[in-house]
Amino acid sequence: MVIVIVAIVVIALIVAAIVLMRQRRSQQLQDGFGPEYERTVEERGGDRREAEAELRERRQRRDQFEIRELEPAARDRYADRWRDAQRRFVDEPAPAVGEADALVMEVMRDRGYPVADEFDQRAADVSVDHPEVVEHYRAAHDISGRATAGEAGTEDLRQAMVHFRALFVELLGTDETTADPPRDGGGATDNQNVREMR
């Protein structure tokens, strides 16, 4: 009888340890991925196990990359190019958004992220290190696609620039591009544009 009770206690302890370990792993994923955790759970129809398995796979894939910081000179060059894209937005919103998209991909590549993959994979890769801003990347990509189809207005394009900028600043590792693109569709002087970007 004593042996049976001991066996039951041992089994109960093992089950409790497994449950605690799973809860701890779930909490680590929630803490690490922030809003991306809930988004992935929702995308998987509420199946937390399936969502967590995907997030663990993202981390494992990310661990294979050699992500590096940008050199200060490269950061400065990219920041200058971003400001040029913002200035261009006043007269040519759609091309400026395309330029912003290309610039984000260049920075990703230089940081060590693979950019040859489909967009969803690029977003998943970035979500591991930048879970707070990856949704901006998705929103910008969506608007950019609508712009290509001729279904996005100037304000939509401005929002795309704002969304691209959120990820761009994170990837750059600096806050040198803090202004939104100008709201007007033209007519602002170069000096006004520079002041708005600062």
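Modeller: Gladly. Let's begin with helix packing: axes are lines fitted to C-alpha atoms, for helices over the stretch in contact, and angles run from 0 to 180 degrees between N-to-C directions. In this predicted model, α3 and α6 pack with their axes 9 Å apart and at an angle of about 85 degrees.

Biologist: What makes α3 roughly perpendicular to α6?

Modeller: The label covers angles of 65 to 115 degrees. The angle between α3 and α6 is about 85 degrees, so α3 counts as roughly perpendicular to α6.

Biologist: Which residues in α3 and α6 meet?

Modeller: From α3 come Arg58, Arg59, Arg61 and Arg62, and they meet Gln121, Ala124, Asp125, Ser127, Val128 and Asp129 in α6.

Biologist: And why is α1 called roughly perpendicular to α2?

Modeller: The axes of helix α1 (residues 2–33) and α2 cross at roughly 115 degrees and come within 5 Å. Since the perpendicular range is 65 to 115 degrees, α1 is therefore roughly perpendicular to α2. Where they meet, Ser26, Leu29, Gln30 and Phe33 belong to α1, while Pro35, Glu36 and Tyr37 belong to α2.

Biologist: Stepping back, how many helices and strands does the protein chain have?

Modeller: The secondary structure comes to 9 helices and 0 strands. Of the 198 residues, 38% count as buried.

Biologist: How do you know that Arg58 is buried?

Modeller: Buried means under 20% relative accessible area. Arg58, found in helix α3, has a relative accessibility of 6%, so Arg58 counts as buried.

Biologist: What does the side chain of Arg58 make polar contacts with?

Modeller: Another, of 2.7 Å, is with the side chain of Glu54. The cut-off for a polar contact is 3.5 Å between N or O atoms. Leaving aside neighbours within four places in sequence, Arg58 is in contact with Phe33, Glu36, Thr40, Ala124, Ser127, Val128 and Arg138.

Biologist: Why is Arg62 called buried?

Modeller: Arg62 is in helix α3. The relative accessible area of Arg62 is 17%, and the limit is under 20%, so Arg62 is buried. Not counting residues up to four places away in sequence, Arg62 touches Ile67, Val128 and Asp129.

Biologist: What makes α6 mostly covered?

Modeller: In α6, 8 of its 11 residues are buried. They are Phe119, Arg122, Ala123, Ala124, Asp125, Val126, Ser127 and Val128. These buried residues pack against α1, α2, α3, α5, α7 and α8.

Biologist: How do you know that the span of helix α7 is close to the expected one?

Modeller: Helix α7 (residues 134–148) has 15 residues, and 1.5 Å a residue gives an expected 21 Å. The helix reaches 21 Å from its first C-alpha to its last. Just after α7, Gly150 takes a positive phi of about 75 degrees.

Biologist: Which residues of α7 are buried, and what covers them?

Modeller: The buried residues are Val134, Tyr137, Arg138, Ala140, Ile143 and Ser144. Their cover includes α2, α3, α5, α6 and α8.

Biologist: How many aromatic pairs are there, and why is the Trp82 and Phe168 pair called stacked?

Modeller: A search of the whole structure finds 3 aromatic pairs. Trp82 and Phe168 lie 4.7 Å apart, centre to centre, with 20 degrees between the planes. Rings pair if their centres lie within 6.5 Å, and planes under 30 degrees apart count as stacked, so this pair is stacked. The pair links distant parts of the chain, with Trp82 in helix α4 and Phe168 in helix α8, 86 residues apart.

Biologist: Are Trp82 and Phe168 buried or exposed?

Modeller: Trp82 has 0% relative accessibility, so Trp82 counts as buried. Phe168 is also at 0%, so Phe168 is buried. Elsewhere, ring pairs link Phe119, Tyr137 and Phe164 into a cluster.

Terms used. Residues are numbered from 1 along each chain as its sequence is written. This is a predicted model: local features need pLDDT of at least 70, side-chain atom pairs count only at pLDDT 80 or more; totals for chains, interfaces and linings use all residues. Side-chain values use heavy atoms; hydrogens and water are left out. Rings of Phe, Tyr and Trp (its six-membered ring) pair if their centres lie within 6.5 Å; planes under 30 degrees apart count as stacked, over 60 as edge-to-face and the rest as tilted. Helices (H or I, at least four residues) and strands (E, at least two) are DSSP runs, numbered from the N terminus. Buried means under 20% relative accessible area, exposed over 50%, partly exposed in between (1.4 Å probe, protein chains only). The expected span of a helix is 1.5 Å times one less than its number of residues. Contact means heavy atoms within 4.5 Å. A polar contact is a pair of N or O atoms within 3.5 Å; within protein, one must be able to donate a hydrogen and the other to accept it, and residues adjacent in sequence count only if both atoms are side-chain atoms. Angles under 35 degrees count as roughly parallel, over 145 as roughly antiparallel, 65 to 115 as roughly perpendicular and the rest as oblique.
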